[in-house]
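Trainee: I have a new structure to read. Where do I start?

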Amino acid sequence: MTKAMTPVRQRLVAEAVRLEEDRLGRILDDPAADARAREAGGDFEQRLVRRAGEMALGRRFAGTLESLNQIRFWLLLGAVVLAFLAGMGSAAAVFGQDATVNIGWALSALLGLQLLMLLLWLVFTLYRPKGGGGALGRAALAAVHALGRRLSRRPESAVVLSASVGLLRRGGFGRWVASALTHGLWAMFCLGALLGAVFALSVRQYEFVWGTTLLTEGSFVALVAMLGAPAQSLGWPMPDAEIVRASRIGLDGAVGRELWSGLLLSSILFYGLLPRALLTLISLLLVRRAAGRLRLDTSLPGYARLSDRLGAHARSIGVLDPRPPEAPGLEPASRSRPAPVHGRVLLIGLELERGSNDWPPRLSGVDWITLGRADDRSQRRDVLSALRARDTAPGVVLVLCSLARTPDRGAERFFAAVREQTKAPVWALLDEGGTLAARGIERAGRLRQWQLAGARAGLDYVLEVDLDDPRHPGTRELVELVGQGVAEG
């Protein structure tokens, strides 16, 4: 990873690597990157960041991120220009061909919507601290991500953009980025409106009038005095009560026109441009603070399973020797239906026939957390590390196995290791029965082999399923038992 990369970008690359490894269902082997991460020292997160930067995949993600940042810059610049032009367009609409301007309509058109949006932003910021950010900023972020995905020709763009979205959701970082965009774009709108109004008032002569049906004349006079108070305190002349009353019927002279122009321009400045510019600056400062506090969620399975690889010294993964040969009368793992699960559902894949493109499997009604696949020794070590690193016990650990394979001593040892690492129930799910049938292997005998292996390893339940067929009896039972499990936030 280059030295020019900021800590946020370094963490973004690490997050992209995690997402790619989660998609593949395994940790990518790069002994050199692992060694450099260990040698660099620091805490676990720092080693994760260093490992990602040293990997060839991480360097590709870093290049893709740089390309996406260039696209984002031009897209955001385009949004700024559009906001400025929208402000000038609003001013042009107010100062049209008609030489008479209704001051109430002008103020409403140039300030009404943005003041309403500012009030909504304030309400959401105070009462929904985990949300907010402003609709305009969030819409701009969504548009930039969508267009960035389309405009970037790099294959890694989708992963990097997903990693960006994940980091934006942490620690208020995304909220203040969206706030900065919201206030910045509205500030450009107000600047465009202010300059457009100055230009229109400089090249044409306008008469200012006002009218009301519900308000009294005194109420409108008070409103004008309130709007003009900030500018008047700085010595900017504002319409007095006599000019306000005279303007109702259009009797004010040139002095009145200048004063009304001053009121309109000062209102755009003090109630539009300056508040938005100040809030933009504050949001940028909060973005910087949030960026300094941003950390990777090292409790995620994709990170947790690297704890042994990046440790200072190699540690035992806790795999047990195979249990003694089965005693006479050993019963298969319990076939009695367990109680429904309340808690997080963890999923591990063990030597499956399905490829990485079909992992992790999806099952409607079940939201499981995948710890990865355990197809070889290093992957089994990583999965066990992730399981051991969890702070809270899950509701159940599911080990997805293939009926097309014969359970060997390695599978039993892995079952026993999983059983040792958690206090939660451990179930074996037997999938890929269709592959077994296609090979002409007798199903009942193979099923009993797995049940006996589960019994020797101390599993709590063994269930035959077909994850590609939601109508399969075992699949329906699985949904009924673990469908109440909750996903990890």
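Mentor: Start with two terms. A cavity is a set of grid points where a 1.4 Å probe fits but cannot get out. Helices are DSSP runs of at least four residues, numbered from the N terminus. Remember that this model is predicted.

Trainee: Which helices each supply at least two residues of the lining of the largest cavity?

Mentor: They are α1, α3 (44–54) and α12 (301–304). The largest share, four residues, comes from α1.

Trainee: How many cavities of 30 Å³ or more does a search of the whole structure find?

Mentor: Three. The charged end of R18 sits over the ring of Y303, 5.5 Å from the ring centre.

Trainee: What does F61 touch, not counting residues up to four places away in sequence?

Mentor: F61 touches V13, A16, V17, E20, E156, V159 and V160.

Trainee: And ring pairs? Why is the pair of F73 and W74 edge-to-face?

Mentor: Planes over 60 degrees apart count as edge-to-face. A search of the whole structure finds five aromatic pairs. The planes of F73 and W74 lie at 75°, with ring centres 5.2 Å apart, so this pair is edge-to-face.

Trainee: Is W74 buried or exposed?

Mentor: Exposed means over 50% relative accessible area. W74 has 58%, so W74 is exposed.

Methods
Residues numbered from 1 in each chain as written. Predicted model: local features only at pLDDT ≥ 70, side-chain atom pairs only at ≥ 80, totals over all residues. Heavy atoms only, no water. Phe/Tyr/Trp six-rings, centres within 6.5 Å; stacked < 30°, edge-to-face > 60°. Buried < 20%, exposed > 50% of the residue type's maximum accessible area, 1.4 Å probe, protein only. Lys NZ or Arg CZ within 6 Å of the ring centre and 35° of its normal. Contact = heavy atoms within 4.5 Å. 1 Å grid on protein atoms, 1.4 Å probe; cavity = no way out; pocket = protein on both sides within 12 Å on 5 of 7 lines; lining within 4 Å. Points joined across faces, edges and corners; volume = space filled by probe spheres on them.
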